[in-house]
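Thanks for letting me have a few minutes today.

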Amino acid sequence: MVDDVILRKAEIRDADVIYNFICRLEGENPTQTEFDQVFRRNLTDPDTYYYLAEKNSEALGFISLQIRNILHHTSPIGEIVEMFVLPEYRDQGIGELLYWNMRDIAQEKGCKFFEVACNIVRNRALDFFKGLGLQQTHYKFTERL
């Protein structure tokens, strides 16, 4: 399956597909207008990377990476912020393909650490990242404002 899958940088024309993926990932819908504003701005940010996994021009998955300079690491870190693979294409290596592509970018950009934020209710995703060798080293606390 993965042999037929290509990865490519997301473009403005992909906004609707990625919006749908994000809505499915989060279980709630940001407004399309707000999403489009953030998506357009981030497409021009040199430290934000959006990639799609496609087969026969059909989007099967999406991943985003942000690179930031963190004081306590004294270097850039790469963080996967969003990742989604259509349910019917899971367990076929697409998530790993997306993950390793982002990890390679983080290494090329000189990141000392590679991190993933994952909601605690996503047991399959947590197992997926642990299976790739990532270790849970932090807790993240969130408050909706």
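I will go through the sheet, then the helices, and then one histidine.

Please keep in mind that what you see is a predicted model. Let me begin with the sheet, which is open and is formed by five strands in the order β1-β2-β3-β4-β5, with mixed pairing. At its edges lie β1, residues 6–9, and β5, residues 113–116, each of which pairs on one side only, and from one strand to the next the twist averages 25°. If we look at β4 and β5, they pair in the parallel sense over four bridges, and here Ile77 stands opposite Phe113 in β5. Helix α1 packs on this sheet, where it touches β2, β3 and β4, and its direction makes about 80° with that of β3.

Turning to the helices, how do α1 and α2 cross? The axes of α1, residues 15–26, and α2, residues 32–43, come within 11 Å and cross at roughly 115°, which makes α1 roughly perpendicular to α2. The crossing in which α1 passes α2 is right-handed. On the α1 side the contact involves Ala15, Asp16, Ile18, Tyr19 and Ile22, and these meet Gln32, Phe35, Asp36 and Phe39 in α2; by type, the residues of this contact divide into six nonpolar, one polar and two charged.

Finally, His73 lies in the loop between β3, residues 58–70, and β4, residues 75–85. Is His73 buried or exposed? Its relative accessibility is 13%, so His73 counts as buried, given that the cut-off for buried is under 20%. Leaving aside neighbours within four places in sequence, His73 is in contact with Lys112, Phe113 and Glu115.

Methods: Residues numbered from 1 in each chain as written. Predicted model: local features only at pLDDT ≥ 70, side-chain atom pairs only at ≥ 80, totals over all residues. Heavy atoms only, no water. Helix = DSSP H or I, 4+ residues; strand = E, 2+ residues; numbered from the N terminus. Buried < 20%, exposed > 50% of the residue type's maximum accessible area, 1.4 Å probe, protein only. Contact = heavy atoms within 4.5 Å. Axes fitted to C-alpha atoms, helices over the stretch in contact; angles between N-to-C directions. Parallel < 35°, antiparallel > 145°, perpendicular 65-115°, else oblique. Left-handed = near helix turned anticlockwise from the far one by under 90°. Nonpolar A, V, L, I, M, F, W, Y, C, P; charged D, E, K, R; others polar. Pairing = 2+ DSSP bridges.
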